[in-house]
Amino acid sequence: MAEPISSSTVPLLVSTQGAVRVLMLNRPAALNSFTAAMHALLLPALEDAAADATVRAVVVTGAGRGFCAGQDLNDPAMVGNVDVGAVIERHYRPLVLRLRTMPVPVIAAVNGVAAGAGANFALCCDFVLAARSAVFIQAFSKIGLVPDCGGTWLLPRLVGRARALGLAMTGDKLPAEEAVRIGLIWQAVDDTALMDSAMALAQRLAAMPAKALAETRRAIDAAAPMDLADALRLEADTQRELGRGHDFGEGVAAFFAKRPPVFTDR
Ligand code: T3D
């Protein structure tokens with residue numbers, strides 16, 4: 001299990017509260033923008049959470065007034081004649097694929113501005129809870145790029161083509177409450193209630209059947225390009241597998257015994 005890291009200069013702070021792993025991006029002076037050093041900690045921290053059977057939910061958040069301003073445009077690894085595609089392949093592709101295949105739910109607690117890859121990093125998570133003062137910005141067009149970190153795939157699926165194009169082409173700030181209204185994120189809460197709300201949701205999810213939740217994400221993502229017949233086949237296959245697991249038996253037994261279930265599959 002990862003130990004809490006206390007040094008304030010470490011770009012990622014990792015802590016554990018019960019069954020919840022909390023990852024805090026920690027470069028507040030640069031709005032927690034991603035550096036190679038932060039990436040070097042972030043993916044392993046997710047791998048570590050995925051491999052630790054005691055972890056049943058993950059919360060990602062940011063230190064200070066911002067959530068994440070995307071790629072650090074000052075990172076020495078980025079300055080000069082850089083192959084931007086290589087940066088995406090090296091850092092963002094594995095990050096997105098890891099997030100979308102985590103064996104436990106991941107919640108983004110967006111405490112402030114989420115821009116560029118920072119916005120799409122949050123949108124890759126299973127739940128996005130945002131402070132009411134937070135804004136989401138597809139900042140890429142302002143620097144001559146297209147949405148990355150999964151943005152081209154996620155945005156139209158979340159809000160439809162018209163809004164995806166509007167957000168991506170203008171790079172305008174989208175306030176948290178408007179993001180909820182258009183279906184981009186799960187919830188906006190008072191700024192002071194953000195972490196308590198995120199932790200309460202995480203603890204609640206941690207008591208649920210982790211494997212079924214991860215399979216729910218996988219099935220919903222996989223069904224998107226399928227026709228109905230194939231999606232029904234996928235549902236049957238997934239239920240067949242889950243039906244053989246401990247958690248299904250436990251859930252049904254707990255229901256009839258009128259007691260809380262204890263789920264363990266992962
Ligand atoms: O090669 C590649 O780039 C590939 C990867 C691409 C993925 C991407 O994420 S591309 C998009 C990169 N992100 C951006 O373009 C966003 C840039 N930041 C902003 O537009 C603004 O900072 C915000 C709208 C996010 C917030 O504005 P505001 O007024 O609240 O804060 P600020 O004053 O602009 O920023 C505060 C500090 O953070 C400031 O530093 P200073 O002047 O106090 O020393 C600013 O330079 C720094 N900062 C903000 N964003 C970044 C950053 N430093 C480095 N990189 C950043 N992305």
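Trainee: Is Arg 181 buried or exposed?

Mentor: In this predicted model, Arg 181 is exposed, with a relative accessible area of 55%. The cut-off for that label is over 50%.

Trainee: Which side chain does Arg 181 meet in a salt bridge?

Mentor: The general idea comes before the case. Side chains of opposite charge can pair when their charged atoms come close. Here the partner of Arg 181 is Glu 178, at 2.9 Å from N to O. Both residues belong to helix α5 (residues 176–181), and because they are 3 residues apart, about one helical turn separates them. Glu 178 is partly exposed at 29% relative accessibility.

Trainee: Where do Glu 89 and Arg 93 lie?

Mentor: Both are in helix α2, 4 residues apart, which is about one turn of the helix. Glu 89 counts as exposed, at 52% relative accessibility.

Trainee: Which parts does the salt bridge between Arg 98 and Glu 47 tie together?

Mentor: The N to O distance in this salt bridge is 2.9 Å. Arg 98 sits in helix α2 (residues 84–99) and Glu 47 in helix α1 (residues 36–51), so the pair connects parts that are 51 residues apart in sequence.

Trainee: And how do I read the accessibility of Arg 98? Is that residue buried or exposed?

Mentor: Buried means under 20% relative accessible area. Arg 98 has 16% relative accessibility and therefore counts as buried.

Trainee: How many salt bridges does a search of the whole structure find?

Mentor: The search returns 15 salt bridges. Some residues are linked in a network of salt bridges: Arg 21, Asp 48 and Asp 52.

Trainee: What stands opposite Arg 21 in β3?

Mentor: Val 58 does. Strand β2 (residues 20–25) pairs with strand β3 (residues 57–62) in the parallel sense, over 6 bridges.

How values were computed
Residues are numbered from 1 along each chain as its sequence is written. This is a predicted model: local features need pLDDT of at least 70, side-chain atom pairs count only at pLDDT 80 or more; totals for chains, interfaces and linings use all residues. Side-chain values use heavy atoms; hydrogens and water are left out. A salt bridge is a side-chain nitrogen of Lys or Arg within 4 Å of a carboxyl oxygen of Asp or Glu. Helices (H or I, at least four residues) and strands (E, at least two) are DSSP runs, numbered from the N terminus. Buried means under 20% relative accessible area, exposed over 50%, partly exposed in between (1.4 Å probe, protein chains only). Two strands pair if DSSP finds at least two bridges between them.
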